[in-house]
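The text moves element by element.

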Amino acid sequence: MSDYFLKLATPGVQRLNPYQPGKPVEALERELGITDSIKLASNENPHGPSPLALQAIAEQAPSINYYPDGGGYKLSRRLAELHGLPSECVTLGNGSNDILELAARAFLTPQHSAVYSQFSFAVYPIVVQAAGAQARVAPACPRTHATMPLGHDPDAMLSSIDDDTRVMFIANPNNPTGTWLQPEALRGLIEAVPGSVVVVLDLAYNEYMDAALRIDIAGWLQRLPNLIVTCTFSKIYALAGLRIGYALSSPEIADILNRVRQPFNTSSLAQAAALASLGDAQHVDASVTRNNAGKRYLMQALDQAGLDYLPTMANFIAIDLKADAQPVYDALLRRGVIVRPVANYAMPHYLRVTIGTDAQNRRFIAALADAMGEAL
Ligand SMILES: Cc1ncc(COP(=O)(O)O)c(C=O)c1O
């Protein structure tokens, strides 16, 4: 391939490593000529969306000849109500990914830097580099850390801030590690960040965390004017394919995010499905219960197999194979099981597996034993 146009792209884009998504089932089946494969690679909710969301999509479908309500009035109002905030605090995004990018576009330039932890979500380096800004990657806790191996280290994150820093990204819990900060430590970290640094607190997996670890978002926003909280309908609400997420922030920051947002960044189907999902607390509770049961099953099975893994508060587990994980990943693919190698996160010994349905979890554990026998 010629690199003529690459040389014309901005320096940030030239250095950018594209995001590597989980392998789609269709691609694997096409390549290997197999059927009946399962994907545990992208931290989706394996139990599917709320029936209320499906019904809302069906009801909305005949009107897709019209543009959506760009600001998402009804959904924003409902989200604001649920969080106890004015609706001017809500910004809708094409997935929460969109919000991460809006924050970078709004606050970063080649003269600025962003801080995030080593081993944190792969989209942070992408949006920072695309804006031409510098990344300051704070060392994570060591693998030998007593409670949170490879987790965010608040002191290291604070000392990575310098005069040029405009944004800090914090994923809680973090992907791909699953690790988290206790609310007091998280609060202490954000309070210690200078007011000129916008803190993007990414709560994509918030609903999966134990209740005691979840924060009072509205209360924090009132006290911390430089805070943006991002949330998504892709995980617990099981709407990943529709692409919808949102930010909560001060009205002033929301106004800034809305200036860089595409006018119609969320579709009418996505808005309708998200709104309906918010009315189905039972779906959320059932998804949490099933995720916790799946997590217990997988952890027990991994313990029995003598395999190490990182602590997790999310819907996935990072398993430490203590050897190059790529051959095991490939051997799992041949058995129709797609997980996620995380060498691109500088974690080449780990495989990240999404917690699936009971049947998927059992199939993964059986396939893992076979794959390790073959590959290691
Ligand atoms: C930590 C984290 N943040 C944000 C996202 C983006 O999700 P979405 O754009 O689907 O809301 C993900 C997706 O995997 C994630 O793991």
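The model is predicted. Start with the contact between two helices: Gly294, Tyr297, Leu298, Ala301 and Leu302 in helix 13 meet Asn361, Arg362, Phe364, Ile365 and Leu368 in helix 15. Sorted by class, the residues of this contact are 7 nonpolar, 2 polar and 1 charged.

Two packed helices are described by the angle between their axes and the distance between the axes. Helix 13 covers residues 281-304 and helix 15 covers residues 358-375; their axes come within 10 Å and cross at roughly 15°. Angles under 35 degrees count as roughly parallel, and helix 13 and helix 15 are therefore roughly parallel to each other. The crossing of helix 13 and helix 15 is right-handed.

Next come the sheets. Strands of a sheet pair through backbone hydrogen bonds, either parallel or antiparallel.

Strand 2 and strand 8 run antiparallel and are joined by 4 bridges. Within this pair, Val90 has Leu248 of strand 8 as its bridge partner. Strand 8 also pairs with strand 7, again in the antiparallel sense and over 4 bridges. Here Thr232 has Gly245 of strand 8 as its bridge partner. A parallel pair is found elsewhere in the sheet: strand 3 (residues 113-117) is joined to strand 5 by 3 bridges. In that pair, the bridge partner of Ser113 is Thr165 in strand 5.

Which way do the residues of strand 8 point? Gly245 and Ala247 point one way from the strand, while Tyr246 and Leu248 point the other way. All four residues are buried.

Strand 5 (residues 165-171) holds Val167. Is Val167 buried or exposed? Its relative accessible area is 0%, and the cut-off for buried is under 20%, so Val167 counts as buried. Leaving out residues up to four places away in sequence, Val167 touches Ala103, Phe107, Leu108, Ser113, Ala114, Val115, Val197, Val198 and Val200. One of these, Val115, is 52 residues from Val167 along the chain, yet the C-alpha atoms of Val167 and Val115 are separated by 6.4 Å.

Strand 10 (residues 316-320) and strand 13 (residues 347-354) pair in the antiparallel sense over 5 bridges. In this pair, Ile319 stands opposite Leu351 of strand 13.

The last stop is another pair of helices. Helix 4 (residues 51-60) and helix 12 (residues 268-277) pack at an angle of about 145°, and their axes are 8 Å apart. Their crossing is right-handed. From helix 4, Leu52, Ala53, Ala56, Ile57 and Gln60 meet Ser268, Leu269, Ala272, Ala273, Ala276 and Ser277 of helix 12. By class, this contact has 8 nonpolar, 3 polar and no charged residues.

Helix 12 also contains Gln271. Its relative accessibility is 11%, so Gln271 counts as buried. Apart from neighbours within four places in sequence, Gln271 is in contact with Pro68, Asp69, Gly72, Leu75, Leu92, Ile244 and Thr266.

Terms used. Residues numbered from 1 in each chain as written. Predicted model: local features only at pLDDT ≥ 70, side-chain atom pairs only at ≥ 80, totals over all residues. Heavy atoms only, no water. Axes fitted to C-alpha atoms, helices over the stretch in contact; angles between N-to-C directions. Parallel < 35°, antiparallel > 145°, perpendicular 65-115°, else oblique. Left-handed = near helix turned anticlockwise from the far one by under 90°. Contact = heavy atoms within 4.5 Å. Nonpolar A, V, L, I, M, F, W, Y, C, P; charged D, E, K, R; others polar. Buried < 20%, exposed > 50% of the residue type's maximum accessible area, 1.4 Å probe, protein only. Pairing = 2+ DSSP bridges.
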